[in-house]
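User: I would like to learn how to read a ligand site and the pocket around it. Could you take me through one?

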Amino acid sequence: MSTDQSQAARSPQDIAKEAAGRHAASYVTDGMRVGLGTGSTVHWTIVELGDRALNIVCTSTSVQTQELASSLGLNVISPDEIGALDIAIDGADEVDPAFNLTKGGGAAHTREKIVAAMSPRFIIVVDESKLVPALGPFGTPLEVLDFAPGVVASAVEALGASAVTTRDRRSDNGNLVMDAQFGSIADPVALGDALANTPGIVEHGIFPSSMVERVVIAGLDGVRELVNDLR
Ligand code: 5RP
């Protein structure tokens with residue numbers, strides 16, 4: 001994605017994504033260790049951090065983000081080198097009213113979950129279209145070992161999925177990425193636990209609300225925030 005796209009060529013959703021992404025960068029201050037998510041919304045957080053030229057150290061959740069951040073002059077080191085984070089910022093594919101998330105549309109959810117878990121503060125950036133009454137319509141991304149994908153898919157169907165499909169593209173970790181259709185998910189935390197207990201699934205794309213500090217949302221009327229007070 002170009003950072004110099006003309007406003008005329010961009011959709012209202014793209015403009016909202018930029019507003020949410022740039023706004024979230026205001027939570028980053030000098031000296032912080034920052035986890036950088038993946039996707040077209042947090043793209044703009046990374047661009048804003050590059051513009052502000054802060055004295056920060058970052059770690060990345062994908063090759064794509066690593067390349068973007070490095071190209072903008074940000075100091076990006078591995079999760080092991082950085083050790084712990086002050087803040088992590090990322091996008092989401094779905095956000096439910098209780099702050100549970102679906103992630104993994106960009107096949108980066110395993111690294112995204114590792115990086116989010118390294119930080120006491122996890123801030124989500126989305127446009128309004130990502131807010132849903134219940135997780136599920138997007139599908140649930142799964143990173144799966146390429147050993148027995150049919151066995152894993154059957155196990156996921158036994159948990160209630162009506163269909164499990166495999167993407168053409170692998171994750172940055174070299175694993176398969178599948179999408180499971182569960183319909184409207186009544187209990188995302190319980191389903192996440194069941195998926196985590198399924199052998200062969202490296203990581204699933206349900207992020208529980210306990211991980212999420214706040215959601216920065218941009219729409220046609222500007223930017224607003226929802227804060228997870230129950231965390
Ligand atoms: C990548 C992700 C992304 O954060 C999610 O897909 C949202 O992306 P975008 O901001 O482009 O809509 O989970 O694995």
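Analyst: What follows is a short walk through the ligand and its surroundings. This is a predicted model, in which local features need pLDDT of at least 70, side-chain atom pairs count only at pLDDT 80 or more, and totals for chains, interfaces and linings use all residues. Residues are numbered from 1 along each chain as its sequence is written, and side-chain values use heavy atoms, with hydrogens and water left out.

User: Which residues come nearest to the ligand?

Analyst: A residue counts as near if one of its heavy atoms lies within 4 Å of the molecule. Around the ligand there are 18 residues, of which Ser40, Thr41, Asp93, Gly104 and Lys130 come nearest.

User: Which side chain has an N or O atom 2.6 Å from an oxygen atom of the ligand?

Analyst: A polar contact is a pair of N or O atoms within 3.5 Å. That side chain belongs to Thr41, while a polar backbone atom of Gly91 is 3.3 Å from a ligand oxygen and one of Ala107 is 3.5 Å from a ligand oxygen.

User: How do I look for empty space?

Analyst: Rolling a probe the size of a water molecule over the atoms shows where empty space is left. Here the largest pocket holds about 190 Å³ of space, and the residues closest to its centre include Thr38 and Gly106.

Technical notes:
A polar contact is a pair of N or O atoms within 3.5 Å; within protein, one must be able to donate a hydrogen and the other to accept it, and residues adjacent in sequence count only if both atoms are side-chain atoms. On a 1 Å grid over the protein atoms alone, a cavity is a set of points where a 1.4 Å probe fits but cannot get out, and a pocket is an open set with protein on both sides within 12 Å along at least five of seven lines; lining residues have an atom within 4 Å of a point. Grid points are joined across faces, edges and corners, and a volume is the space filled by probe spheres set on the points.
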